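Please look over the sequence and structure first.

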Amino acid sequence: MFFYKGSVVSEIWEKCSNLLQNLIPEQQFKTWISPLQAIQKEATLVLMAPNQFFRDCVRERFLPMIKQNLGLLSPENPLNVTVLVGSSIDEGNDNILPSD
């Protein structure tokens with residue numbers, strides 16, 4: 001299994017975010033994608049959402065598109081991706097709410 005370093009994950013998320021910005025309307029991007037913070041937990045890119053409602057909307061509306069674009073950016077070592085509630089400040093905190 002391939003593990004990315006934290007700065008590489010941030011770079012991949014930035015590139016993915018830039019691709020998404022060209023694929024979805026500007027207001028939707030600003031509302032739903034821009035606020036997400038990316039961290040790495042083990043072999044997973046974790047996108048941190050500010051609350052459960054936000055998390056659920058991102059998962060329903062954008063997660064398939066996010067996964068597809070991440071796959072395009074790193075086809076040889078695809079990242080798992082999930083959306084959780086929390087912030088990058090909570091990165092070391094095990095009390096982050098799960099995505100399911």
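Glu 11 and Lys 15 form a salt bridge, with their closest N and O atoms 3.4 Å apart. The model is predicted. Three salt bridges turn up in a search of the whole structure.

- Glu 11 and Lys 15 are four residues apart in helix α1 (residues 6-23), so about one helical turn separates them.
- Glu 11 is partly exposed, at 44% relative accessible area.
- Lys 15 is also partly exposed, at 43%.

- Lys 30 and Glu 26 pair through their side chains, at 2.9 Å from N to O.
- Both residues belong to helix α2 (residues 26-33), four residues apart, or about one turn.
- Glu 26 has a relative accessible area of 55% and counts as exposed, because the cut-off is over 50%.
- Lys 30, at 47%, is partly exposed.

**Salt bridge between Arg 55 and Asp 56**
- The closest N and O atoms of Asp 56 and Arg 55 lie 2.9 Å apart.
- Arg 55 is buried, because its 8% relative accessibility falls under 20%.
- Asp 56 is partly exposed, at 29%.

**Nonpolar surface patch**
- Leu 19, Leu 23 and Leu 73 make up a nonpolar patch on the surface.
- Together they have about 230 Å² of accessible area.
- Leu 73 sits in helix α4 (residues 63-73).
- Leu 73 is partly exposed, at 32% relative accessible area.

Key:
Residues are numbered from 1 along each chain as its sequence is written. This is a predicted model: local features need pLDDT of at least 70, side-chain atom pairs count only at pLDDT 80 or more; totals for chains, interfaces and linings use all residues. Side-chain values use heavy atoms; hydrogens and water are left out. Patches are made of residues with over 30% relative accessible area and no salt bridge: like charges are joined within 9 Å, nonpolar side chains (Val, Leu, Ile, Met, Phe, Trp, Tyr) within 5 Å. Accessible areas come from the Shrake-Rupley method with a 1.4 Å probe; for residues, only the protein chains shown count as cover. A salt bridge is a side-chain nitrogen of Lys or Arg within 4 Å of a carboxyl oxygen of Asp or Glu. Helices (H or I, at least four residues) and strands (E, at least two) are DSSP runs, numbered from the N terminus. Buried means under 20% relative accessible area, exposed over 50%, partly exposed in between (1.4 Å probe, protein chains only).
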